[in-house]
Amino acid sequence: MINILYCGDRNIEDGLMISVLSLLKNSSEELNIFVLTLSLSAKETGGREVCPVTEQIIQYLDRRVKEQNAHSRVRLIDATEQFKKQVPAANMATRFTPCCMLRLFADQIPEIPDRILYLDNDVVCRRNPGDFYHQEMESWELAGVLDYYGKWFFRRNPFHMDYLNSGVLLLNIKKIRQTGLFERCRALCRSKKMFMPDQSAINKLAETKKICCRKYNDQRRLHEDTVLQHFTTSFRLFPWIHTLTVKPWEVERVHSVLKLTEYDDLLEEYIRERTGLRGMSGTLRRGENL
């Protein structure tokens with residue numbers, strides 16, 4: 001069994017769909033998928049309403065994973081109550097939405113198992129993630145991959161790169177509950193404004209971080225051995241210095257900007273299934289130029 005965690009509001013539905021379909025394409029193991037979601041008014045966030053992930057997408061994904069393995073399941077958990085009890089007040093008005101910090105509440109959800117793989121919704125599985133998931137973790141709070149850019153600028157030890165990207169994290173929830181890591185991270189997010197608050201808090205406060213190979217969270221570009229590709233924002237030098245952000249559901253830009261055709265069969269399935277769901281209720285966001 002592989003336990004998977006996603007977090008977010010209704011805006012993650014396209015990415016969630018692609019990410020889960022990519023897991024199905026590359027793993028035959030039982031998948032136990034949890035989606036933590038949140039509901040907040042514009043007044044509570046200081047400007048933007050946060051709407052929860054819809055039951056429709058969860059029901060579709062649950063049906064889809066069961067087609068491959070009858071024991072697999074997808075569950076939606078509303079973490080609004082937990083979030084409101086410990087609002088990360090110092091970071092509610094940053095460019096990072098409240099949902100970015102939702103993963104820090106995983107230890108407070110009784111249903112979350114002792115070991116779980118957290119994935120951002122813009123992570124696509126390319127190869128079987130079993131080796132990464134089943135690695136030895138008894139003495140570690142979490143395992144991840146160095147942040148492509150942050151590893152150079154953010155580190156506790158000037159002679160040792162240890163700044164992890166939080167988009168792919170294998171979490172030892174049992175140990176995290178024992179050490180109080182996420183509890184301390186939530187407290188820090190309440191009191192101190194930070195750049196990428198959840199990622200900064202985890203890297204600052206984690207006592208035992210296991211650093212893993214790049215292929216388990218490839219952030220810059222696709223490699224032959226890539227297992228999980230993370231469609232993060234990158235810097236480009238030509239024809240001028242600029243940032244570039246292309247998400248997997250922006251199918252036309254995946255082709256035209258990234259020149260990437262690796263996932264065409266997966267994205268064709270996503271377009272087909274998403275179109276059908278949108279036709280029934282109109283809840284899913286539309287990808288660009290499709």
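Which residue of β3 stands opposite Ile-33? In this predicted model, Ile-33 faces Val-74 of β3. Because the model is predicted, local features need pLDDT of at least 70 and side-chain atom pairs count only at pLDDT 80 or more, while totals for chains, interfaces and linings use all residues. Residues are numbered from 1 along each chain as its sequence is written, and side-chain values use heavy atoms, with hydrogens and water left out.

Helices (H or I, at least four residues) and strands (E, at least two) are DSSP runs, numbered from the N terminus. Two strands pair if DSSP finds at least two bridges between them. Strands of a sheet pair through backbone hydrogen bonds, either parallel or antiparallel.

An open sheet of seven strands is present, with mixed pairing. The strand order is β3-β2-β1-β4-β7-β6-β8. Strands β3 and β8 (209-211) stand at the edges, each with a single partner strand, so one side of each lacks a neighbour in the sheet. From one strand to the next, the twist averages 25 degrees.

Strand β2 (residues 31-37) is largely enclosed by the rest of the structure, because seven of its seven residues are buried. Buried means under 20% relative accessible area, exposed over 50%, and partly exposed in between (1.4 Å probe, protein chains only). In a regular strand the side chains alternate between the two faces of the sheet. Leu-31, Ile-33, Val-35 and Thr-37 point one way from β2. Asn-32, Phe-34 and Leu-36 point the other way.

Strand β2 runs parallel to β1 (residues 2-7), joined by six bridges. Leu-31 of β2 is the bridge partner of Ile-2. Six bridges also join β2 to β3 (residues 73-78), again in parallel. Together, β1, helix α1 (residues 13-26) and β2 form a right-handed β-α-β unit. Right-handed means that, with the strands pointing away from the viewer, the path from the first strand over the helix to the second runs clockwise.

Helix α3 (residues 55-68) lies across β2 and β3 and runs at about 155 degrees to β3. Axes are lines fitted to C-alpha atoms, for helices over the stretch in contact (heavy atoms within 4.5 Å). Angles run from 0 to 180 degrees between N-to-C directions.

Strands β6 (residues 142-146) and β7 (residues 164-172) pair in the antiparallel sense over four bridges. Leu-142 has Leu-171 in β7 as its bridge partner.

Zero disulfides (cysteine sulfur pairs within 2.5 Å) are found in the whole structure. Cys-185 is in no disulfide, and its nearest cysteine sulfur, that of Cys-189, is 6.7 Å away. Cys-185 is buried, with a relative accessible area of 0%. Cys-125 is buried at 3% relative accessible area.
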